[in-house]
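Hi,

Here's the structure I said I'd pass along.

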Amino acid sequence: MSIMKLSDATEYHVVYPEQDCRGWHMVDGLGRARGVVADLVIDTEAERVTALRLATGEDVPVESVILRNKTVVVYDSEVADAPGALPLAPIDPTASFHAVPFAPVDPSVTAPPSMPGGITVGRRI
């Protein structure tokens, strides 16, 4: 396994551009700011993103995040079950307003924003 920042791996790219969340704001499940995603940490052998690196240098495991409307929502055990936490399932656009407004999922997007298989990276051709 070879772990590195995507910005240092010029021969790799994010396969589905709508999952490239660098520069997006990250919030927790209650809508509180966590920071801005500065880079993606990748496993070059598995061709997967393993973590999102915040501008502060903190790495957040990709398994604990969901991408929604150019916002990264991170769920940890402390927040996931808290009253008022943003739901993990796709947001119903007719539901009441949440701390972070999410747009309905666009059915024309080929890769699901919730990343059940993670964020895929591949070698540039």
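Let me start with a hairpin: strand 7 and strand 8 form it, with two residues between them, and N69 in the turn has a positive phi of about 50°. Do keep in mind that this is a predicted model.

L67 sits opposite V72 in strand 8.

Now the turn itself. K70 is in the loop between strand 7 and strand 8 too, and its phi is also positive, near 60°, although K70 isn't a glycine. How exposed are these two? N69 is partly exposed, at a relative accessible area of 48%, while K70 counts as exposed, at 59%.

Strand 8 has another partner as well: strand 3 (residues 25–28) pairs with it in the parallel sense, over four bridges. One of the pairs there is D28 with V74.

Which way do the strand 8 side chains go? T71 and V73 point one way, V72 and V74 the other, and all are buried.

V72 also turns up in the largest nonpolar core, which has 21 residues; C21, M26, L52 and V72 have the most contacts inside it. Strand 2 (12–14), strand 4 (33–43), strand 5 (48–54), strand 7 and strand 8 each give two or more residues to this core. As for C21, leaving aside neighbours within four places in sequence, its contacts are V37, L40, L52, L67, V72 and I119.

Cheers

How values were computed:
Residues numbered from 1 in each chain as written. Predicted model: local features only at pLDDT ≥ 70, side-chain atom pairs only at ≥ 80, totals over all residues. Heavy atoms only, no water. Buried < 20%, exposed > 50% of the residue type's maximum accessible area, 1.4 Å probe, protein only. Core = buried A, V, L, I, M, F, W, Y, C linked by side-chain atoms within 4.5 Å. Contact = heavy atoms within 4.5 Å. Pairing = 2+ DSSP bridges.
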